[in-house]
Structure formats: structure tokens, C-alpha cells
Amino acid sequence: VKCEKDTLCKAIVKVISSYGKTCEKDEVFIQPMLKNVKSAGVVFTADINTLAPYYIINYDESGNTSSVTSGDSNDKKTTIIFKNSKVIPDEFKKLLKAVKECKEIFDNNFLDIEFAFSENELYILQVRAIVRKNKVDLSDIDLEKSLQKLQSKIQKLNRPHPKLLGEKTIFGVMPDWNPA
């Protein structure tokens with residue numbers, strides 16, 4: 001929407017009328033259109049189905065702020081980070097810092113947060129609570145020792161082996177399975 005009074009007023013009226021039944025406490029938030037979007041997506045502060053303690057980040061680098069949330073992304077990437085992880089990839093540090101801030105502000109550990117990066121700035125576009133009704137609640141499960149054991153096992157399996165070619169292991173799901 002162009003930032004002109006008449007055009008903006010019409011757009012606001014259109015948004016409010018889309019609410020159906022309105023109430024005096026309804027609000028419309030106006031923000032500038034982002035340009036030069038580097039990446040955008042959604043981060044969940046817990047597993048959406050089990051509420052397990054992971055940050056699940058779905059994003060793409062298409063420049064479209066709605067491609068992931070609309071399901072239109074052809075290049076969606078997913079990164080899953082254990083909440084107590086000591087190792088956070090650099091590209092997610094700013095995002096996870098903002099996520100922790102949102103959890104404090106909204107006093108809620110179960111959030112669905114839309115975000116975008118533009119000009120090296122992080123923009124929080126929308127924050128919603130994850131619906132917790134009728135879900136298995138694994139939010140308090142202690143995964144730390146199990147994940148550390150798994151990490152050690154993968155590091156061990158990834159070492160060069162005298163009877164295998166190559167410098168590292170390539171893991172797959174049944175790569176040698178022959179359906180014939």
C-alpha cells in the first residue's frame with residue numbers, strides 16, 4: 001500500500017472490515033514494507049506436535065516474506081536447535097535472542113513467530129501462541145544426556161575407517177536397500 005493518506009485509510013478500513021465483528025479494542029498495526037529481504041520464515045519455540053524443547057526454524061532466502069507461511073516456498077530450509085544447545089549457528093544467534101525476548105514479553109514458552117532479515121536487521125512480523133490443546137506435552141522432557149550421547153556416536157562414526165573409502169561417513173536412510 002502506498003504511504004499516502006487516502007490510500008492508507010482505505011486499506012485500514014478494508015482490514016478492519018475483514019474482521020467481521022469488530023470491537024473497540026481492535027487494532028491495526030502499520031509497518032513499512034520490507035525491501036531487500038535476505039531471508040524470511042517462521043520459528044516455533046517448541047515442536048508444534050509434542051511441545052518438545054526445540055527451536056524449529058523454517059525459512060527460505062527467496063526474498064518473499066510469505067513464501068514459507070503460505071506453503072509456496074520451493075526452497076524451504078529447516079533447522080532444528082535443542083533449546084539448551086551450547087552451539088548456535090551464527091546466522092541464528094540474533095533470531096534466537098529475539099525469540100527469547102518474545103517469550104519473556106508474552107510470558108509464553110510456546111510461540112509461533114514470523115520473521116524476516118532485511119539489510120542485516122531482524123524484523124519480527126507476527127507472534128502467535130502455539131495452540132496447546134489436545135497435544136502430548138513433552139516440554140519438560142530432559143533430552144540433554146541423550147542428545148550428547150547421540151552427538152558422540154555420530155562423531156565416532158564420522159571418523160575415517162581403515163576399511164572404508166573416503167575421509168568421512170555419509171549417513172542416509174536405507175541407502176543400500178534394494179526394493180527388488
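Predicted model: local features only at pLDDT ≥ 70, side-chain atom pairs only at ≥ 80, totals over all residues.
Q: Let's start with helix α3. How many residues does α3 have, and what distance does it reach from its first C-alpha to its last?
A: Happy to start there. Helix α3 covers residues 90-105, which is 16 residues. From its first C-alpha to its last it reaches 24 Å, close to the 22 Å expected at 1.5 Å a residue.

Q: Which residues of α3 are buried?
A: For this, look at relative accessible area: buried means under 20%. In α3 the buried residues are Phe-92, Leu-95, Leu-96, Ala-98, Val-99, Cys-102 and Lys-103. They cover an arc of only 160° around the axis, so they sit on the same side of α3.

Q: What do those buried residues pack against?
A: Strands. The buried residues of α3 pack against β1 (37-44), β2 (54-60), β3 (77-82), β4 (111-118) and β5 (121-129).

Q: And which exposed residues does the face of α3 turned away from its buried side carry?
A: That face carries Asp-90, Lys-97, Glu-104 and Ile-105.

Q: What does helix α1 look like by the same kind of reading?
A: The 14 residues of α1 should span 20 Å at 1.5 Å a residue, and its end C-alpha atoms are 20 Å apart, which agrees. The helix runs over residues 5-18. It is followed by Gly-20, whose phi is positive, near 80°.

Q: Which residues form a nonpolar patch on the surface?
A: Val-15, Ile-16, Tyr-19, Val-28 and Ile-30 form it, and together they have about 370 Å² of accessible area. One of them, Val-15, is found in helix α1. Val-15 is partly exposed, with a relative accessible area of 36%.

Q: Now to charges. How many salt bridges does the structure hold?
A: The general idea is that side chains of opposite charge can pair when their charged atoms come close. This structure holds 6 salt bridges. Let's go through some of them.

Q: Where do Lys-86 and Glu-144 lie?
A: These two form a salt bridge, with the closest N and O atoms 3.7 Å apart. Lys-86 lies in the loop between β3 and α3, while Glu-144 is in helix α4 (residues 144-157), so the pair ties together parts that are 58 residues apart in sequence. Lys-86 counts as exposed at 73% relative accessibility, and Glu-144 is partly exposed at 21%.

Q: What separates Asp-90 and Lys-93 in helix α3?
A: About one helical turn, because they are 3 residues apart in that helix. Their salt bridge has its closest N and O atoms 3.0 Å apart. Asp-90 counts as exposed, at 61% relative accessibility, and Lys-93 as partly exposed, at 45%.

Q: Is Glu-114 buried or exposed?
A: Glu-114 counts as buried, because its relative accessibility is 12%. The side chain of Glu-114 meets that of Arg-128 in a salt bridge (3.1 Å, N to O). This pair links distant parts of the chain: Arg-128 is in strand β5 and Glu-114 in strand β4, 14 residues apart. Arg-128 counts as partly exposed, at 33% relative accessibility.

Q: Which residues are linked with Glu-114 in a network of salt bridges?
A: Asp-112 and Arg-128 are linked with Glu-114 in that network.

Technical notes
Residues numbered from 1 in each chain as written. Heavy atoms only, no water. Helix = DSSP H or I, 4+ residues; strand = E, 2+ residues; numbered from the N terminus. Expected span 1.5 Å × (residues − 1). Buried < 20%, exposed > 50% of the residue type's maximum accessible area, 1.4 Å probe, protein only. Arc of directions from axis to C-beta. Contact = heavy atoms within 4.5 Å. Patch = residues over 30% accessible without salt bridge, like charges linked within 9 Å, V, L, I, M, F, W, Y side chains within 5 Å. Areas by Shrake-Rupley, 256 points an atom, 1.4 Å probe, with all protein chains shown as cover. Salt bridge = Lys/Arg side-chain N within 4 Å of Asp/Glu carboxyl O.
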